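Please look over the sequence and the fold below before reading on. The paragraphs that follow go through charged pairs, surface patches and annotated positions.

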Amino acid sequence: MSDVESFNGALFEEPEDFRPPQPQEHFVTYTRDHISPESESQQSEIKLRLVGKSPLWGHLLWNAGKYTAQHIDSHPEQIVGKTVLELGAASALPSIVASLVGAKRVITTDYPDADLLYNIRYNCQGLKNVDVEGYIWGNSYDEILKLNKGEKFDFIILSDLVFNHTEHHKLLQTTKDLLKEYGKALVVFSPHRPKLLKDDLQFFDTAKDDYDFKVTKIEMVNWKPMFEEDDETIEIRSRIYAYYLEL
């Protein structure tokens, strides 16, 4: 037997602790601080499953998503009996709250990544008026419209999507094509890259100038930022901007 054969292949085996373990899926609980008496469900806590790690950032519950959920709970008149579409849903918290408030139908979408879609379906299980669909912005709307009986939507949610500057036109075209006349799109974001805030805000100029949206700023508030590592930009990163887009 040669010396190489005597190793029985162990020479090329990695020790068990050679690589760090892959991040595992985890759970967080969102508490609905304000529940309108008109809300169809008074469920106060929502347990959300998040993927272990995602290049699409679906492994975190972002401030913009929590703000959007609060906004929906605070303005049920925008949702009750209406059809709702969420783009880039991640954990799908806003879609879940829209369902609990009393939406007629909710279609929640994200990039057609198996882990992300499994996660959304897991979080939305038990909600009879919610459908989940993989969707790439700017692609055919056929499947989305089919789920909504061929109709456009009363309310579209875009939560923490404008950081993706190369996709602004696709997002806006998709929103314009799928929004009913007199419908509203709610756009919420935090400037995660402070130096690019101007590029984030360009989304709204493009919406107005190129897509004929009426743009209304709802407010800008400051919450504790997601990350604390840079004191110089902490004020900017703590901001949450909220806007309505209307045709």
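Is Arg-32 buried or exposed? Arg-32 is buried, at 4% relative accessibility, where buried means under 20% relative accessible area, exposed means over 50%, and partly exposed lies in between (1.4 Å probe, protein chains only). The model is a predicted one, in which local features need pLDDT of at least 70 and side-chain atom pairs count only at pLDDT 80 or more, while totals for chains, interfaces and linings use all residues. Residues are numbered from 1 along each chain as its sequence is written, and side-chain values use heavy atoms, with hydrogens and water left out.

Side chains of opposite charge can pair when their charged atoms come close. A salt bridge is counted when a side-chain nitrogen of Lys or Arg is within 4 Å of a carboxyl oxygen of Asp or Glu. The whole structure has seven salt bridges. One of them joins Arg-32 to Asp-73, at 2.6 Å from N to O. Asp-73 is in helix 1 (residues 63-74) and Arg-32 is in the loop between strand 1 (26-31) and strand 2 (45-50), so this pair ties together parts that are 41 residues apart in sequence. Helices (H or I, at least four residues) and strands (E, at least two) are DSSP runs numbered from the N terminus. Asp-73 is also buried, at 2%.

Lys-180 and Glu-151 form another salt bridge, with their closest N and O atoms 3.9 Å apart. Because Lys-180 lies in strand 7 (residues 179-189) and Glu-151 in the loop between helix 4 and strand 6 (153-159), the pair links parts 29 residues apart in sequence. Both are partly exposed, Lys-180 at 26% and Glu-151 at 38%. Together with Asp-154, these two residues make up a network of salt bridges.

Patch members have over 30% relative accessible area and no salt bridge; like charges are joined within 9 Å, and nonpolar side chains (Val, Leu, Ile, Met, Phe, Trp, Tyr) within 5 Å. Asp-212 sits in the loop between helix 6 (197-211) and strand 8 (214-222) and is exposed, at 57%. A nonpolar patch consists of Phe-27, Tyr-118 and Tyr-122, with about 310 Å² of accessible area together (Shrake-Rupley method, 1.4 Å probe). Tyr-122 belongs to helix 3 (residues 114-124).

An unreviewed UniProt entry gives the feature "binding site" at several positions, including Trp-62, Asp-110 and Trp-137; such annotations may be inferred rather than shown by experiment. Trp-137 lies in the loop between strand 5 (130-134) and helix 4 (142-147) and is buried, at 14% relative accessibility.
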